[in-house]
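Here's a quick briefing to read alongside the model on your screen. Grab a viewer and follow along, topic by topic.

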Amino acid sequence: MDNRIYAKAAIALLVGTAFTSAALADGPISWWYETATPEQQGVITKNIIEPFNAAHPEDVLSIDYRGAQLDNQMRVALLSGSGPDIVYTAGPSYVAPMAQAGQLLALDKYAEQFGWQDRILPVFIEMGKYNGQLYALPKTYETLGLFYNATMFKEHGWKVPTTIAELETVADAMLAENIVPFSSGNALWRPTNEHYVTLVLNSIAGPEAVYQALTGKIPWTSEPFVKAIDKLDEWWKKGYFGPNYFSLNGEQQVAQLANGQAGMMPSGTWQFQHINTYFPPANAEAGFVGFPSAEDVGEPVFPLGVGSTFSVAASSQNPDGAAAAIDFIFSDATYASMNTEWQGEWNTPLKDLSGITLGDGVLPLYTEAMQTLAQSVAEDKYGYTTWTFLPPATVSFLVSGIEEVWLDRTDTKQFLEQLDATFQQEMAEGKVPAIPAR
């Protein structure tokens, strides 16, 4: 064959390849997600993927479920400049290091383009910033509180506790009846440990003390925190957490509470997704209140948490499309459809929910809990979840270190000293998430 024919063929191939690349440059949008059941995957496909793609035929959004390995896989991918267009993290504590490393795209121009400042609660805009620029929006905001078996409480004549003293009184009564006071377990998610640390830090030390420590004004070794961790360890030693903590997962906790093996469940609002599955078949009614507080703290505190965040990768080939997909998730329509079918995981922090109608099957208990949390945020009366406001290495130590306290391998003093040392190092490195002023 004539060399000119080879040359023409090569040129045609290059031109065709270039045209295809250009045509697809603004097309695919990849999103890696955590664990979801087949049913939950169907909910996301129906309410997010399909309607977004129908409205944006030039941008094709796809989702890849990575399960429990998402965090590790995301870190490796971003370090190599690859990975998804939409960066989905386990919370704000992951955002600052990623932004610092140049792995995330600043979203300020998209915030202006889509009007996020007008549509999203201001405190969450502030929480997504690093060095004054916006890098993340929260998928959902959540809180910790006390679920309880309301049917059991009525049968035994127990008062729903509002103070630590009342909590211990009813927990001791449950132990006497061979009922586990706190349905709990970390079998599939070891960071469940920090849920309980968060509760005592806010309900015993108090949110003001936590705020002072987060902003570097007092150390984590201060007396309020010693008192809080000592109390948590006391509960563990008394058996409040039951004999199967290391073998139960989150869904099993709800089942244990519904069937009467346990009386209370200190946990997060994400558990609302399981209430309808387990309580009606057990002919039981669920209740939910703020976790009881020490008398000097006052009313029950609702710790504010962000369970996950959305960002755009700095390496994204279609950042405009990725930002548009995030904006779609923060629409009224998506809020209504996702919260109707999957409560507790899609409570996006929209400013105005007055025009949103949820389906008939949504628990009034869930709606009331979200309204209470929104009011607490609006009035600056919220507390602080560790996974939202502590930097990553501090969180990692907290999760493993509290087990060492429980298992008598260390004590409260040593635990808090190491926690404080890790936090101070990360604060010096600029890795502490943004802390909104109270």
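Helix α15, residues 319–329, has nine of its eleven residues buried, so the rest of the structure largely encloses it. "Buried" here is under 20% relative accessible area, "exposed" is over 50%, and "partly exposed" is in between, using a 1.4 Å probe and protein chains only. Helices (H or I, at least four residues) and strands (E, at least two) are DSSP runs, numbered from the N terminus. Keep in mind that this is a predicted model, where local features need pLDDT of at least 70 and side-chain atom pairs count only at pLDDT 80 or more, while totals for chains, interfaces and linings use all residues. Residues are numbered from 1 along each chain as its sequence is written, and side-chain values use heavy atoms, with hydrogens and water left out.

**Covered helices**

- In α15, the buried residues are Gly321, Ala322, Ala323, Ala324, Ala325, Ile326, Asp327, Phe328 and Ile329.
- Helix α11 (residues 207–214) is mostly covered too, with six of its eight residues buried.
- Those buried α11 residues are Pro207, Ala209, Val210, Tyr211, Ala213 and Leu214.
- The cover over them includes α10, α12 (223–238), β11, α18 (386–389) and α20 (412–428).

**Aromatic pairs**

- Rings of Phe, Tyr and Trp (its six-membered ring) pair if their centres lie within 6.5 Å; planes under 30 degrees apart are stacked, over 60 edge-to-face, and the rest tilted.
- That rule gives a count of 40 aromatic pairs.
- One of them is Tyr88 with Phe310, a tilted pair at 5.6 Å centre to centre and 55° between the planes.
- Tyr88 sits in strand β3 (residues 86–89) and Phe310 in strand β10 (residues 303–312), so this pair ties together parts that are 222 residues apart in sequence.
- Tyr88 is buried at 1% relative accessible area, and Phe310 is buried at 0%.
- Phe153 and Trp158 make an edge-to-face pair, 5.8 Å centre to centre with 85° between the planes.
- Phe153 and Trp158 are both buried.
- There's also a cluster linked by ring pairs, made up of Phe182, Tyr196, Trp235, Trp236, Tyr240, Phe241, Tyr245, Phe246, Phe291 and Trp406.

**Charges over rings**

- A charge sits over a ring if NZ of Lys or CZ of Arg is within 6 Å of the ring centre and within 35 degrees of the ring normal.
- Lys139 does this with Trp346, lying over its face at 4.4 Å from the ring centre.
- Arg438 puts its charged end over the ring of Tyr382, 5.8 Å from the centre.
- Arg438 and Glu379 are 59 residues apart in sequence, and their C-alpha atoms are 9.5 Å apart in space.
- Glu379 is in the loop between α17 (364–378) and β11 (383–384), and is partly exposed at 38% relative accessibility.

**A helix crossing**

- The axes of α10 (residues 193–205) and α19 (residues 392–406) come within 9 Å and cross at roughly 85°; axes are lines fitted to C-alpha atoms, for helices over the stretch in contact, and angles run from 0 to 180 degrees between N-to-C directions.
- That makes α10 and α19 roughly perpendicular, the word used for 65 to 115 degrees, with under 35 being roughly parallel, over 145 roughly antiparallel and the rest oblique.
- Contact (heavy atoms within 4.5 Å) is made by Asn193, Glu194, Tyr196 and Val197 of α10 and by Val395, Leu398, Val399, Ile402, Glu403 and Trp406 of α19.

**Two asparagines with positive phi**

- Asn131 has a positive phi of about 55° although it isn't a glycine; Asn131 lies in the loop between β4 (129–130) and β5 (133–134) and is exposed at 69%.
- Asn283 also has a positive phi, near 55°; Asn283 is in the loop between α14 (272–278) and β9 (286–289) and is exposed at 70%.

- The mean pLDDT (the predictor's confidence in each residue, from 0 to 100) is 91, and 94% of residues reach 70 or more.
- Over residues 1–25, pLDDT stays under 50, and the model has three contacts there beyond four places in sequence.
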